[in-house]
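The following exercises concern the structure shown below.

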Amino acid sequence: VLGHTSNLNSHEEEGVIKTTLLEGSIQVNANLKKGIILKPGQQSQLSSKQALKVSDVNTSQVMAWKEGYFRFEGIGIKELMQHISRWYDMEIEYQGEVGEHEFVGEIPRNTRLSAVLKILEASGIKFKVEGKKIIVTE
């Protein structure tokens with residue numbers, strides 16, 4: 001760490017550790033090889049195969065959780081449902097083929113789950129809640 005403000009994101013089901021730099025600089029190392037110094041607005045992604053990738057990102061989307069929002073720009077249904085699963089502590093099950101959808105938007109995180117699912121149903125996807133499980137169908 002070389003003086004910074006950053007966000008670290010690591011969820012087992014994604015199989016990747018993401019480090020996003022907001023200000024300052026940070027050096028990211030994989031397997032003790034020579035590190036990469038991130039610039040503000042960049043994100044490193046370290047996969048379970050120890051491959052390190054760096055890309056420019058929209059930091060407002062990455063930090064939306066801190067501001068109390070789900071903020072999405074062109075993500076698919078499965079990635080979207082991973083976020084919802086973690087936030088609402090729900091299991092996700094897919095029944096049948098769920099087509100390719102791309103979501104863009106912003107929803108306050110204090111929104112009730114039923115309201116979030118109703119918003120998402122406008123895309124043609126159907127949801128059923130059974131206890132702690134959300135069943136996704138099309």
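**Exercise 1. Identify where confidence in the chain is lowest and where it is highest.**

Solution. The model is predicted: local features need pLDDT of at least 70, side-chain atom pairs count only at pLDDT 80 or more, and totals for chains, interfaces and linings use all residues. Residues are numbered from 1 along each chain as its sequence is written, and side-chain values use heavy atoms, with hydrogens and water left out.

Step 1. The scale is pLDDT, the predictor's confidence in each residue, from 0 to 100. Confidence is lowest in strand E1 (residues 4-11), with a mean of 58, and highest in E10, at 95.
Step 2. For the chain, the mean pLDDT is 81, and 85% of residues reach 70 or more.

**Exercise 2. State how many helices and strands the chain has, and in which pattern they follow one another.**

Solution. 
Step 1. Helices (H or I, at least four residues) and strands (E, at least two) are DSSP runs, numbered from the N terminus. The chain holds three helices and 11 strands.
Step 2. Along the sequence, the pattern reads β-β-β-β-β-β-α-β-α-β-β-α-β-β.

**Exercise 3. Describe the open sheet of three strands: its order, its pairing and its edges.**

Solution. 
Step 1. Two strands pair if DSSP finds at least two bridges between them. The order in this open sheet is E8-E11-E10, and the pairing is mixed.
Step 2. Strand E8 (91-94) and strand E10 (126-130) are the edges; each has a single partner strand, so one side of each lacks a neighbour in the sheet. From one strand to the next, the twist averages 25 degrees, where axes are lines fitted to C-alpha atoms, for helices over the stretch in contact, and angles run from 0 to 180 degrees between N-to-C directions.
Step 3. E8 and strand E11 (residues 133-137) run parallel and are joined by four bridges. In this pair, Glu-91 has Lys-133 as its bridge partner, and Ile-92 stands opposite Ile-134.
Step 4. E10 and E11 run antiparallel, joined by five bridges; here Val-129 stands opposite Ile-134. The two strands form a hairpin with two residues between them, and Gly-131 in the turn has a positive phi of about 65 degrees.

**Exercise 4. Determine which residues of helix H3 are buried, and what they pack against.**

Solution. 
Step 1. Buried means under 20% relative accessible area, exposed over 50%, and partly exposed in between (1.4 Å probe, protein chains only). In H3 (residues 113-120), the buried residues are Leu-113, Val-116, Leu-117 and Leu-120.
Step 2. Viewed down the axis of H3, these residues fall within an arc of 95 degrees, so they line one face of the helix. The arc is that of the directions from the helix axis to the C-beta atoms.
Step 3. Their packing partners are H2, strand E9 (103-108), E10 and E11, with contact meaning heavy atoms within 4.5 Å.
Step 4. Helix H2 (residues 77-88) in turn lies across E8, E10 and E11, at about 155 degrees to E8.

**Exercise 5. Is Gln-43 buried or exposed?**

Solution. 
Step 1. Gln-43 belongs to strand E5 (residues 42-47).
Step 2. Its relative accessibility is 6%, so Gln-43 counts as buried.
Step 3. Beyond residues up to four places away in sequence, Gln-43 touches several others, among them Lys-18, Leu-38, Lys-53 and Val-62.
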